Amino acid sequence: MRAHRYRNSSSVLDEFKFRIRGSIIAMLIMSALLLGRLFYLQIVNTEYYQVRAENNRINATPILPNRGLIYDSKGKVLAKNYSSYALELLLRDNDDPYKVINRLADLIVITREDFRRIEDALSATSRFSNIVIRDDLSEGEVALFTSYAYLFPEIQLSAQLYREYPYGEMTSHLLGHVTRVSEADLQMLEQKGLKTAYTNSDWIGKLGIEAFYENTLRGQLGLNYVEVDSRGTELRLLERQNPISGKSIVLSIDIALQRVAYEAFADQNGALIALDPNDGSVLAFVSKPGYDPSYFVRGFDTTTWQQILDSIDRPLVNRVSSGVYPPASTLKPFLALAGLEENIRTPTWSMWDPGYYSLRGSNYKFRDWQAGGHGQVNLHKAIVESVDTYFYKLADDLGIDMIHQYLTRFGFGAKTGIDLPSESNGIAPSRDWKQRRFGTPWYPGDTISVGIGQGYNLVTPLQLAVATAGIANGHSLIQPMLFKTELNTNHRQDARMISLARARPLNMSSQHVKVLRKAMEDVMRPGGTAGNAAAGATYTMAGKTGTAQVFGLKGADYDESNIKKKLRDHALFIGYAPAEIPKIALAVVVENGGHGGSVAAPIARKVFDAYFKSQP
């Protein structure tokens, strides 16, 4: 037992030395690790941690650029900016933003729509931390918040510029509007590599000119670099990168003409577009009803937004470029040209109109609009009196393949290329189209309906105006353009930016165009379907009326007084003036308006009158 109580002194010394060595080795390893970590932090990642330190010390606050203005061709402002105040939530060191917002809601009105937008913004990530809580505060709200600002260190009152549209509904579908950038917008901008150019409190063009020319109007974001303490309190301004204002643009629209066209519709819905047939400049662009685009800036109350969504008049639909309608008899001039170009018709060829047309081997009667018919009819009379029977036979003789070829030559069934973000194609029907759309073959009866602009035909008023301009200038299908030029920061015109519309040759015989134009001039004279609308004019004009069925009568007589408003015929008109050297061409559609000659043509006449009255 004693041998176990006293250990050998040599072995104890060895064990002590072993422990000392182990400790030294461990210390060396720990020191090496610490030095390695220090080297990694101080040398390898110097730049990274310097940036993080700077970010903690410096706060970058975005400065929104002034959005460029939009003018009409006479210098009238169509979209401008005004200064007001917004309340912004500073997310730095703010652990419970909803608590702050709810407290603020006891002081300042915050709508459900505001709450939804704030929730979306809070759920998104952004390199900037401010979130707009309320826009466009009234003077009373600014004064109220200022007096209680000490209770809300997380809320900032900031001066901002807001978009204003002086002409409201009259230009809503033309100009579109701006809204705050949404998360969907940021995702779209990221795909385009533009996300860093926007903040989550920024504005972006959504529709119309505002969207199409967003890059020109917007300008470039500025930044304030502010030194902050550990609690995020701003200490001093370190650097300022001034924003670059967006460029202003001038449109070819004449707002005075636009007003005449808009008011000419009175309480009716529809669309009108007027062009310079020589260069494609758009002179008037009316889609009615519209909406007040300022709502998208100031915000909708729930009731107003729901009323707009539920309205059977669909005020958010741009009827000029996105609305599609049966062209009805306004399509006849283009079929007449096809017949002349293909030598299927001559100006002197005529037929007897008994008031109907039947396909060979069929007893079914495609009826003319005039019971009993028009008697002997040539091409001129067929246009002037809008004889359906003549065009039933012409369509039958041309066939759908040839008709489709000429419709597409005049631009039907395809976008016109106008400088707007969206546009409908319409339908220029063909065998292939019907097979794809319905899985059924094309029948001869389908061709007959197409011959008078019914059946599967669908066009936009914009397409009708462009095709009419082709007849007016006699040689080219022009590309419509709203943009005229842009202004530099001194509001001087940048001559380099003047855009010339593109044109595509129609390759039509000038003699055939001349025959057609003479017939369209006589449409506007006594005996023509729009003769009354042109009475007393001091200038010449040419045109063609149309009355499009909205639903099938199935053999019954059309009695407007016994038909619901929404089922009544659409009234259409295409035309240009002066007839000899056209300067303005247009298309009018009045939804459920009735007859083209008595409803749509008078609207066109008012626009023609206003246009020539304004000319020097």
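Tutor: A pocket is an open set of points on a 1 Å grid, with protein on both sides within 12 Å along at least five of seven lines. Its lining residues are those with an atom within 4 Å of a point. The model examined here is predicted.

The second largest pocket holds about 870 Å³ of space. Its lining comprises 32 residues, and those closest to the centre are E113, R117, T179, R180 and F296. Two or more lining residues come from each of α5 (112-123), β4 (130-134), β6 (178-180), α8 (183-191) and α12 (295-298). Helix α5 provides the largest share, with six residues. By class, the lining divides into 13 charged, twelve nonpolar and seven polar residues.

The loop between β14 (282-288) and α12 contains P289, which is joined to K288 by a cis peptide bond with omega of about 5°. Another cis peptide bond, with omega of about -15°, joins A577 and P578; P578 is placed in the loop between β23 (570-577) and β24 (584-590). Most peptide bonds are trans, and most residues other than glycine have a negative phi. N507, although not a glycine, has a positive phi of about 55°. This residue, N507, lies in the loop between β21 (503-505) and α20.

Helix α20 (residues 510-523) packs with α14 at an angle of about 150°, the axes being 10 Å apart. The crossing of α14 past α20 is right-handed. On the α14 side the contact is made by P333, A336, L337, L340 and E341, and on the α20 side by H512, V513, V515, L516 and M520. These contact residues comprise eight nonpolar, one polar and one charged.

Helix α14 (residues 332-341) also packs with α16 (residues 388-409), at an angle of about 75° and with the axes 9 Å apart. An angle from 65 to 115 degrees counts as roughly perpendicular, and α14 and α16 are therefore roughly perpendicular to each other. In this contact, α14 residues including K332, L335 and A338 meet α16 residues including F391, L394 and Y406. The contact of α14 with α16 divides into ten nonpolar, one polar and three charged residues.

Methods: Residues numbered from 1 in each chain as written. Predicted model: local features only at pLDDT ≥ 70, side-chain atom pairs only at ≥ 80, totals over all residues. Heavy atoms only, no water. 1 Å grid on protein atoms, 1.4 Å probe; cavity = no way out; pocket = protein on both sides within 12 Å on 5 of 7 lines; lining within 4 Å. Points joined across faces, edges and corners; volume = space filled by probe spheres on them. Helix = DSSP H or I, 4+ residues; strand = E, 2+ residues; numbered from the N terminus. Nonpolar A, V, L, I, M, F, W, Y, C, P; charged D, E, K, R; others polar. Axes fitted to C-alpha atoms, helices over the stretch in contact; angles between N-to-C directions. Parallel < 35°, antiparallel > 145°, perpendicular 65-115°, else oblique. Contact = heavy atoms within 4.5 Å. Left-handed = near helix turned anticlockwise from the far one by under 90°.
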